[in-house]
Amino acid sequence: MKHALIAAALIAAFPGAAVAAGNHAGGHGEAGMMAIGKPGAAAEVKRTVTITMMENEEGMVFEPSSLAIEEGETVRLKFVNKGELDHEFVMDVHEGIIEHKALMEKFPEMEHADPNSIKLAPGKTGEIIWTFAKAGDFGFACLIPGHYDSGMKGQISVTH
Ligand SMILES: [Cu+2]
């Protein structure tokens, strides 16, 4: 309910916000398909990558901060929040991340339940199984205000 109200407020405030807050599925035909791919099936997983979220002396980081994936590959992304703060992971095209970051700064309470994102409290673990259907350069980030600017961002390179 809270989310619906915020969404309505966003759409009222920014006519373009529905696109930024949505799943970017529009116009691509296949349900759930984003430029970066779509939720994958566990049976298709060939590889597991563990991504740690944490704070360190320099700021906040993802470890590793870059992923190299083959087009069409389904990967189990496992997340461990080893920090003392909540962190999240959102993956998207770079423009999508920048738009979403601006929205989060305006509406810091915004929660997302998009399949391409996960938010973890300190000490928690989670996973996303994802099919990187198309080649391209993508990004990931923690969009909790201040975290991206402290270093919580990375790159996903999907190649043929
Ligand atoms: Cu964070």
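H87 and M152 are both buried (under 20% relative accessible area; exposed is over 50%, partly exposed in between; 1.4 Å probe, protein chains only). This is a predicted model: local features need pLDDT of at least 70, side-chain atom pairs count only at pLDDT 80 or more, and totals for chains, interfaces and linings use all residues. Residues are numbered from 1 along each chain as its sequence is written, and side-chain values use heavy atoms, without hydrogens and water.

**Copper ion**
- The protein donors are H87 (ND1), C142 (SG), H147 (ND1) and M152 (SD), 2.0 to 2.6 Å from the copper ion.
- Donors are N, O and S atoms within 2.8 Å of the metal (3.2 Å for Na, K and Ca); water is not among the atoms, so sites may look incomplete.
- The 4 donor atoms subtend angles of 81 to 141 degrees, so the arrangement is irregular.
- Four donors count as tetrahedral if all angles lie between 85 and 135 degrees; four count as square planar and six as octahedral if opposite donors are over 155 degrees apart and all others between 65 and 115; anything else is irregular.

**Salt bridges**
- The whole structure holds 4 salt bridges (a side-chain nitrogen of Lys or Arg within 4 Å of a carboxyl oxygen of Asp or Glu).
- R47 pairs with E73, with the closest N and O atoms 2.7 Å apart.
- R47 is partly exposed at 32% relative accessibility, whereas E73 is buried at 15%.
- R76 forms a salt bridge with E127, with the closest N and O atoms 2.9 Å apart.
- K101, E105 and D149 are linked in a network of salt bridges.
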